[in-house]
Amino acid sequence: VDEIKGVDQVMADVEQEISQAQDPNMKADLIMKRTKLEGEKNRLAVRETRLRDDKRQLRNDKRQLRDKEAGLRDKEARLREETKEKKQAAFTWTESEARLDGMGFCKEEKYFRLDCSYLRGTNVNSGEHLLLYCRKAFLEQFRFLQEQVLEHGALGWIQGSPGTGKTTTTLSFCMKLDRNEWSFKCIRLKARSNTCVVEVTGNKRRTCSVAKESEGEQMKLLLEGLLDGKKSLLVLDGYLTHQESHTRALVACIGWRDADRQNRRLVVVTSMASRGKTYDEEDRELGLKEHIVPSWRIDEYLEAVQFDEFYNKVAPTLEMNVTGEVLGFKMTTRPRSKEERVRHKHYLAGGSCRYMFDMTAAEVLRSLDLALLCAPNLQDLFRGHVGASSGDLTNRLTATLVTQEKVVRFPVSKYVASNLAASAGAVDILRRMLTAFRGPRAMHGYLLEMLFFEEVR
């Protein structure tokens with residue numbers, strides 16, 4: 001276009017010169033020059049038309065490429081969704097209403113109502129609620145989950161002896177999440193049976209079961225199929241290091257969290273005594289934070305049963321339906337009051353809330369005796385040859401105390417302590433335990449009594 005304008009300007013100058021020319025020869029030269037300029041202008045006009053056509057064609061080609069690209073993206077998305085649907089067909093999901101409104105704090109926030117179906121991993125609405133006593137450790141675990149995991153994005157690692165309330169407290173916290181902002185998913189690993197998965201988004205809940213033999217391979221696939229909200233909290237409950245499938249599940253969960261750390265949170269709940277060998281650099285990269293849940297104290301049991309509704313729910317399990325001869329001492333009278341019943345059951349249950357409120361005395365006795373067969377002496381138990389650190393079932397024999405940022409482990413109850421003390425060579429272990437012990441006074445007395453009888457044996 002600029003070239004044509006330039007030629008037009010030259011032609012205008014030539015026309016002016018022609019009109020002013022007096023010499024016929026000069027005028028003829030100017031006319032010839034004008035003719036050449038007209039030809040040049042025509043060639044430029046043809047070139048301009050061709051360039052405009054080429055430009056128009058390029059625009060059309062570009063538009064077609066964009067449409068083709070969009071079509072390929074749509075096709076890819078459809079294929080990806082179809083592939084996911086085909087893969088997810090391996091999981092049978094059951095959907096229902098979440099029913100979160102009936103759960104939460106009550107009785108001046110000293111207790112918490114939890115739908116039992118969430119613990120069982122089903123959608124069956126039996127209407128049954130578990131009433132939890134909000135002891136100090138309950139509130140501390142709530143604070144850890146809120147501040148360290150949700151707000152600071154840490155990978156939460158919650159551990160403690162069996163029966164401390166780790167799982168129920170974590171689920172209770174999930175029930176109080178802002179459903180407009182958060183969804184939560186709970187994967188409950190088992191040692192021998194199938195894995196249970198519960199997911200809550202908004203007011204909807206869905207559950208499924210993953211076969212034990214395929215849980216490791218399918219965990220990543222399962223996580224890909226979970227619904228995504230704006231933010232998601234994933235709970236991996238029941239983790240055990242010695243279970244190979246559990247380790248693969250943990251790796252998959254960490255990968256899921258790392259894919260979007262801004263909006264995804266992960267909490268691991270375990271009854272293991274420790275994580276074993278740890279690596280500080282890896283923990284820093286993961287942002288891992290530990291939280292130890294202490295075992296129950298006798299004063300916490302006594303406070304819990306003061307609420308009549310709570311006591312009425314647990315009263316059947318407080319019945320000492322075993323004889324004194326079985327326990328190794330003579331029971332003169334049956335306990336009558338709440339306090340008496342709790343103190344009698346405490347001989348067996350000790351620091352395990354599960355033993356105290358969820359199981360009968362006969363069931364507790366069978367469980368402890370089975371565990372004692374695997375840990376016939378104190379040396380094996382407290383040196384870590386058996387128990388949680390070895391992947392054995394005898395971690396049910398230990399209780400946990402957190403004091404001055406130190407973790408102290410001791411026999412879960414007086415019944416366990418008495419049986420362990422009867423083992424040969426226990427004197428040295430007992431002396432060392434008494435020297436370093438900073439636990440409850442009652443357990444200190446048990447250990448002292450055990451040492452006395454061992455030394456006079």
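Tyr111, Tyr133, Trp296, Tyr301, Phe307, Phe310 and Phe357 form one aromatic cluster, where rings of Phe, Tyr and Trp (its six-membered ring) are taken to pair if their centres lie within 6.5 Å, with planes under 30 degrees apart counted as stacked, over 60 as edge-to-face and the rest as tilted. By this rule the count comes to 17 aromatic pairs. The model is a predicted one, in which local features need pLDDT of at least 70 and side-chain atom pairs count only at pLDDT 80 or more, while totals for chains, interfaces and linings use all residues. Residues are numbered from 1 along each chain as its sequence is written, and side-chain values use heavy atoms, with hydrogens and water left out.

One of the aromatic pairs joins phenylalanine 105 to phenylalanine 142 in an edge-to-face arrangement, at 5.7 Å centre to centre and with 65 degrees between the planes. Phenylalanine 105 belongs to strand β2 (residues 104-106) and phenylalanine 142 to helix α4 (residues 136-151), so the pair ties together parts that are 37 residues apart in sequence; helices (H or I, at least four residues) and strands (E, at least two) are DSSP runs, numbered from the N terminus. Phenylalanine 105 counts as partly exposed because its relative accessibility is 28%, whereas phenylalanine 142 is buried, with a relative accessible area of 12%; buried means under 20% relative accessible area, exposed over 50%, and partly exposed in between (1.4 Å probe, protein chains only). Phenylalanine 142 also forms an edge-to-face pair with phenylalanine 173, at 5.4 Å centre to centre and 85 degrees between the planes. This second pair links distant parts of the chain, since phenylalanine 173 lies in helix α5 (residues 166-175), 31 residues from phenylalanine 142 in helix α4, and both of these phenylalanines are buried.

Helix α4 also holds glutamine 141, which counts as buried because its relative accessibility is 1%. Leaving aside residues up to four places away in sequence, glutamine 141 touches Ile158, Gly165, Lys166, Thr169, Thr170, His291 and Val293, a contact being defined by heavy atoms within 4.5 Å.

The description now turns to the sheet. Eight strands form an open sheet with mixed pairing, in the order β1-β8-β7-β6-β9-β10-β5-β11, two strands being paired if DSSP finds at least two bridges between them. The edge strands are β1 (94-97) and β11 (288-292), each of which pairs on one side only. On average, neighbouring strands of this sheet are turned by 15 degrees against each other, direction ignored. Strands of a sheet pair through backbone hydrogen bonds, either parallel or antiparallel. Strand β6 (residues 182-188) and strand β7 (residues 195-201) pair in the antiparallel sense over five bridges, and valine 198 in β7 is the bridge partner of cysteine 186.

Helix α7 (residues 244-258) lies across β5 (155-159), β6, β9 (231-237) and β10 (264-270), and runs at about 155 degrees to β10; the axes are lines fitted to C-alpha atoms, for helices over the stretch in contact, and angles run from 0 to 180 degrees between N-to-C directions. With its 15 residues, α7 reaches 21 Å from its first C-alpha to its last, close to the 21 Å expected at 1.5 Å a residue, where the expected span is 1.5 Å times one less than the number of residues. The buried residues of α7 are Ser245, His246, Ala249, Leu250, Ala252, Cys253, Ile254, Trp256 and Arg257.

Two charged side chains sit over aromatic rings, a relation that requires NZ of Lys or CZ of Arg to be within 6 Å of the ring centre and within 35 degrees of the ring normal. Arginine 205 lies over the face of tyrosine 118, at 4.1 Å from the ring centre, and the charged end of lysine 338 sits over the ring of tyrosine 311, 5.1 Å from its centre.

Arginine 99, although not a glycine, has a positive phi of about 55 degrees; arginine 99 is placed in the loop between β1 and β2 and is partly exposed, with a relative accessible area of 25%. Lysine 107, likewise not a glycine, has a positive phi of about 50 degrees and lies in the loop between β2 and β3 (111-115).

Taken over the whole protein chain, there are 18 helices and 13 strands, and 46% of the 457 residues count as buried.
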